[in-house]
Amino acid sequence: MEVRLPLERPIGNRTVLSQYKIKPFLGFLPLQSFKWSGNEMVAKATHGITASSDFSKRRQRKVSNPRSRDSSPKGFTPKTQIPTNIPKKYQKSNDEDDVSGSSSRKKFEEPNAKTPELIFVGDDEENLEMEENLAATQEADGSEYEKFIEEKHVYEGQLHKNVAKDKFKEAPVTLKVGTEMSGETDSRSAEIGKLSKNAEHVKSIETTDDTQEKLYLQSVAVDNHPTTIEKDKSSGELFKKLELDRKKKLWKEAFQRLADNNFTRGNRLFHHPQLVKPDQDVEIFFNRSISRLKDEPEVFIMGAFNGWRWKSFTFKMSKSHLKGDWWSCLVHVPKEAYKIDFVFHNGEYIYDNNNEQDFCIRVEGGIDEFEFENFLLEEKRREQEELARKKAEMERQEEKKMRLEAERIASEADRAQARTEVAKRKGELQQMLKSAMTSMDDVWYMEPPLYGSNDIVKLYYNKSSGPLKHADNIWIHGGHNGWKDGLSIVSKLIKPERKAGDWWFAEVVVPDKAFVLDWVFADDLPSRAKVYDNNNEQDFHGIVPMSLPDDRYWFVQEEEIYERLQAERQLREEALRAKAEKTARLKAETKEKTLKTFLLSQKHIVYTDPLDVQAGSTATLYYNPANTVLRGKPEVWLRCSFNRWTHRFGPLPPQKMVPAENGSHLKATVKVPLDAYMMDFVFSEKENGGVFDNKNGMDYHIPVFGGVVKEPPMHIVHIAVEMAPIAKVGGLGDVVTSLSRAVQDMSHNVDIILPKYDCLNLSNVKNLHLYKSYMWGGTEIKVWVGKVEGLSVYFLEPQNGLFWVGCIYGRHNDGERFGFFCHAALEFLRQSGFHPDIIHCHDWSSAPVAWLFKEQYMHYGLEKARVVFTIHNLEFGAHLIGKAMAFSDKATTVSPTYSKEVSSNPVIASHLHKFHGILNGIDPDIWDPLNDKFIPVCYTSENVVEGKRAAKEALQQRLGLEKADRPLVGIITRLTHQKGIRLIKHAIWRTLDRNGQVVLLGSAPDPRIQNDFVNLANQLHSTHNGRARLCLTYDEPLSHLIYAGADFILVPSIFEPCGLTQLTAMRYGSIPVVRKTGGLFDTVFDVDDDKERAKVHGLEPNGFNFDGADEAGVDYALNRAISAWYDGREWFNSLCKRVMEQDWSWNRPALDYLELYHAARK
C-alpha cells in the first residue's frame, strides 16, 4: 500500500501521534550516530547506549524453556494482551503487499525481493539537520547532493506559495525499527566499497529530477492566465511529489545502509535521534533475527526510566519496512528522565535482556540523578499533601456523619423527654381534676358557671361556713394548675348589697392556660394574714370548664417542650464545642511556643537562621565556641548530616566555619534535603578531627520541618510499679503516665507493664481483658491488657498471690515482690515477641530490670533494646539504684539541679558520663483551669483575675473563713521533714501576722507529726478562726480549689528532686514561694533576684524564693510576696497572668527524653 505524505511539509513524530491519537510511549531506545563517507553511510556506536546490570538482577525470573533464551527482567511479567503504540487500523500486516510494489513478508525475506518503500516522518528542522549532516560527510560524490539541496531551495518557496492550501489528508506512517548496540570499536573501511555501489543509482535519480525541476521553473514564469494557473498548480503538484519521492528514497537508502551496517556488525539495536533529550520522541529499531527472539512471532519492548524507577512502559513493536528482520517502536521521553532502561520479550516469558545487563540509553540535557531524587521527593511531598488533604476531608466527612448521628440520637432523646414531660403533666392534671370542683355547697361557687382562660368570673364565698366567720375582711390568695406558678391571684372580697346570707365575692381574672384554680381565703394580705380557710389544709380547687385540654393542646405542649429542650441542648453543645476549640488552640499555641523556646535554649552555643529549618531550604548554622570545649581554637570545623546520621547522603564533608557578624559566633551554610527531618552535627578543631564538641556524647540535633520523610517511631516500654490514676502513691505514678502520654503524642509507640494489684482503681481502665498466660518462676502469670489515659497497659498477675495484699508498698517483702515482677516483665516481653527500642525503668522498685536485662535477656530475644533508668528519689533503695546505674545505658533524675546535688553520691559519682537531669512536667489535661469541674468559674490567663476571685470566695465559704479581700497563702503537701514542716509552721504564723489567710491541705505518714499538726489546727481554729484552716487529710477536689483560690503556694522543702506543687500552682495563676533546691530552683525564678537567670532559660521571673533552711529565709521571700500583693495589685495581677502562660507541661521534658532515648540507641 502506497502512503502519500502531506504536500506542504513532512509531519513530525508528534503530528503522527496527534493524527492517530496514540498515547506517547514512556520508553526509549539505544543511541547511535550516523556518519557518511563518500557514497557510504556507516553506523557508529556511541556511549549513549550502555548496559545496566541492576534491573535484570532485581526483576528477572527463571523460566523453563527447551531453547536457549534470555529470561525476563525481575518484577515485569507481560500481560496476556499488551497494547501496541499504533492503532490497529494503521498497522500493516506482514503479509500485505504494498501498492508501490513493496513485497509481502515472504518476498521481503527472499534475496532478490524488491526493497520495500520506507517513509521517514520528521519536522523540517530535523530533515534539514539530516541533510546538513549528509552533505558534510558526502566526500566521494557530493555534487548530486549539492544539486539536490540547491534545487530544493529554489523551488521550495514557490511550492509553499502556490500550493499552501493543497494538502493530502492521508495519514503518514511512522517508521519503527530497532537494534542492539555493541561496545566494539568502529571499523568503517571494509564497508566503503560495499556501500559505494549504490552511488550511481542515486545520481541517476537526481539527474531526472533536475530536468523536471527546470521545466517547472520555466512554467512559473508564464503570465497569470487561468490556464497557466492550472498548469502551474499541476506542475507544482508534480514537482512536489517528485521532491518527496526523492527525499523518501534518500532517507530509505540511508536508513537501509545504517540497518545493513548494524546487521553486518552483529548489532541488533539502534535509535533515532542520536542525541536523546527530555520531552521528545525517540524511535527504537530492533533486529529480531539476531536476538533471542528470532523464532518468536511477536516482539514487545518493556522498560522504564532512571534505573527502572520512573514511568514503566510495555508496548508491542511493529515490523518495519527495512530490508531484514527489523522491528520498530516509538517512545516518548519524559522531561524527568536522565536514562532509559529497557528489554525485549515475546509477550510471555522469553526475554532479550542484553545478557542480564538490560539496554540503557542516556538522556542528555535534562536533570541529573541528584535532581531526579529531589524530583521524586517533591512528588512524594505532593502525594503526601494530597493524601493529607483527602484524609482531612474524610475526617471532616466522618466527623460530620458522627455529628449528624449524634444530633439524631440527641433529638430522639429530646423528643422522648418531651413526651415523658407531657405524660407527667397529663397525670398531674388528672390528679388535680380529681380534687377540683365546679362549686361546693354552701361554701363557694362561680358566676358564670362556664368560663375559660382570661375570663373574668365572680367567686362567691360563704363567710359563715368556715373559720373566717368573725373576720372583718376577706381576701383570696390564689394560683392555678396546682400552684404551678406560685401566688398569682390576690384580691379582696366584698359583700354584695342584695345577696341574702353571708356571701362575699371577688372578681378574678382566670390566668392563661389555667385548667384548675387553686386558692385559700384569709383575713388579710398574704404578708399580714393570720386566719385562713384552707379547706382543712386541702386548699380549694375549682375546675375551669371551658379550658380543659384536648389532644391538640397536648400535641402543642409536646412540641414546645421539644423545641425548648433542643435549644437548651444546642446552647450547651455550642458552649462545649467552643471551649474544646479554645483548649485545643491554647495547647497548640503553648506547644509551638515551647518548641521555639527549646530551639533557643542553646542560643548561647548554637542556633540556626531561620529558627524553623525547612526541608529543601538553606539554613545558616551559628556556633559560639567560647562556651564549649573548643574555646580558643584557631579553627572550628562543622561535621553535619541528617536524620540522626542515617541520611542517604551520609555525613557531609567537613566544612570550615567562618566568623559571623555578631560577636564571637561562627557560621556555616547547610543545604537541607527534602527528605530530612533532623539536622545532626558536631564540631571539631581540625578538618580531620582533633578535639570534638559533641554535647557530651548526645550530639547536637535540630528538627527539620516540612520534609517528605517523618522520623520513624520508637517503641518504648515502661516497667513500673506505680501509674496514675490507677495505682498512684507519689510523683512516680504521675511521671509514668504523663511522660508516656507526651511521648505517644509525638507519634511514638508506648506500652506500660504494671503489677495487677488487687487494690487497682479499675474504674479508670477501659476494655480490660485477659491477654494471655505464661509460666515462669514456678507459677502461672496471667496477663491482662487495657487502656489507661489512652495508653496500652499490660497487667501482670502472678497466681502466687504476691500482689494480692491490698496495697502497693508497705509489706515486709516488697523487695522480693518487685524483683519477681521485674523478672516476669522481661520474660513477658521475650515470650510475647516484643522488640522495644527502649526499656524505661523507675526508682529502686523496678531497678532490677537494668541488670536482669543485661545479664539474661540482652542476647536472647531483646537485643534491640536499650535501658534507661530514672531516679525519682535517692532517699530510698540506694543500693538497688547504684546497681541499676551501672547496667543502664542512660540514666536520669527529675531535675538538672537535683542531678548536681546527688552527683557526689557514691552510687552516682562513677556514672556521671551517662547521668542527666530532666525536669518533670504536669499533665495539662488534669490540671486545667479552663475545664476544671472543681472550681466555680473556669478561666484562662485572659480572665485570671475574675476566675481566681470567684475561686477564693468559694474556698472561703467552703472552709468557713472570713469573706474578706486578704492575701491567701495555700500549702498542699505531705507533712514530712523533707517538706520542711518547721518552716511551714513558721510561715503560717508569719502570714497571720501580715493579716493574711492561710489554708493547709495534707497529712503526715508519721503519727507523731500528724498529732502535732492536729494540735496546731485546734489552736489556730480557736485563735484565728476566720483566717486559718488546716485540713489534715487528702482531698482531691479541695486541692484544685486551693490552687485556684490561693494567691500564693508555699513549698519550703529541705530537698526536692523536682516538685510538682509549684508547677501546678503556676498553671492556676498562683505565685510560688519556694526554697532554692532541686527542681524548685530550676522552675521558680525570683522576681527581684533571678531576671538574668530566667532570661538564659527563655523565661521571665515567676515567683519568690529563698536560700536558707531557716525562718529568716522564709521571712525574706514571704514578706516580699505579701507586700507585693498589698502595694501593687495591678502588677501582681499581671504576674498571675504571666505564670499561667508559661508552659510547665511535658512538652519540653518529652523532647529531652526523646533526645536521651536516641542517644541511648547510638
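Is Lys-582 buried, partly exposed or exposed? Lys-582 counts as partly exposed, at 24% relative accessibility, where buried means under 20% relative accessible area, exposed over 50%, and partly exposed in between (1.4 Å probe, protein chains only). The model is predicted, so local features need pLDDT of at least 70 and side-chain atom pairs count only at pLDDT 80 or more, while totals for chains, interfaces and linings use all residues. Residues are numbered from 1 along each chain as its sequence is written, and side-chain values use heavy atoms, with hydrogens and water left out.

The protein has 27 helices and 46 strands; these are DSSP runs, helices (H or I) of at least four residues and strands (E) of at least two, numbered from the N terminus. Of its 1162 residues, 52% count as buried. The accessible surface comes to about 54300 Å², of which 51% belongs to carbon and sulfur atoms; accessible areas come from the Shrake-Rupley method with a 1.4 Å probe, and for residues only the protein chains shown count as cover. Among contacts (heavy atoms within 4.5 Å) with a separation of 6 or more, 72% are between residues 24 or more positions apart.

Salt bridges come next. The structure holds 61 of them, each defined as a side-chain nitrogen of Lys or Arg within 4 Å of a carboxyl oxygen of Asp or Glu. Side chains of opposite charge can pair when their charged atoms come close. Arg-415 forms a salt bridge with Glu-558, with the closest N and O atoms 3.2 Å apart. Arg-415 lies in helix H9 (residues 369–435) and Glu-558 in helix H10 (residues 551–600), so this pair ties together parts that are 143 residues apart in sequence. Arg-415 is buried, with a relative accessible area of 18%, and Glu-558 also counts as buried, at 16%.

Helix H10 also holds Lys-582. Lys-582 forms a salt bridge with Glu-942, the closest N and O atoms being 3.4 Å apart. Because Glu-942 lies in the loop between strand E40 (915–917) and helix H18 (944–959), the pair ties together parts that are 360 residues apart in sequence. Glu-942 is exposed, with a relative accessible area of 58%.

In another salt bridge, the side chains of Glu-685 and Lys-633 meet at 3.5 Å, N to O. Glu-685 belongs to strand E29 (residues 678–686), and Lys-633 to the loop between strand E24 (618–623) and strand E25 (637–642), so parts that are 52 residues apart in sequence are tied together. Glu-685 is buried, with a relative accessible area of 17%, whereas Lys-633 counts as partly exposed at 31%. Salt bridges that share partners also join Lys-587, Arg-741, Glu-789, Asp-923 and Asp-925 into one network.

The nonpolar cores are sets of buried Ala, Val, Leu, Ile, Met, Phe, Trp, Tyr and Cys residues joined through side-chain atoms within 4.5 Å. In soluble globular proteins, nonpolar side chains tend to be buried together. The largest core has 74 residues, of which Leu-975, Ile-988, Leu-1000, Phe-1013, Leu-1030, Phe-1048 and Phe-1104 touch the most other members. Helix H25 (residues 1111–1127) gives the largest share of this core, 7 residues. Leaving aside neighbours within four places in sequence, Leu-1030 is in contact with residues including Ile-988, Leu-1000 and Phe-1013. Another core, of 63 residues, lies apart from the largest one and has Ala-727, Leu-796, Cys-822 and Val-902 among its residues.

Phe-1104 is also one of the residues that Asp-1086 touches, not counting residues up to four places away in sequence; others include Lys-1091 and Arg-1120. Asp-1086 is found in the loop between helix H23 (1078–1083) and helix H24 (1091–1096) and is buried, with a relative accessible area of 0%. The side chain of Asp-1086 makes a polar contact with the side chain of Arg-1120 at 2.8 Å and reaches the backbone nitrogen of Asp-1089 at 3.1 Å. A polar contact is a pair of N or O atoms within 3.5 Å; within protein, one must be able to donate a hydrogen and the other to accept it, and residues adjacent in sequence count only if both atoms are side-chain atoms.

Finally, an open sheet of 4 strands has the order E4-E5-E9-E8, with antiparallel pairing; two strands pair if DSSP finds at least two bridges between them. Strand E4 (269–272) and strand E8 (318–319) stand at the edges with a single partner strand each, so one side of each is left without a neighbour in the sheet. E4 pairs with strand E5 (residues 280–287) over 4 bridges in the antiparallel sense, and Phe-270 has Phe-285 in E5 as its bridge partner.
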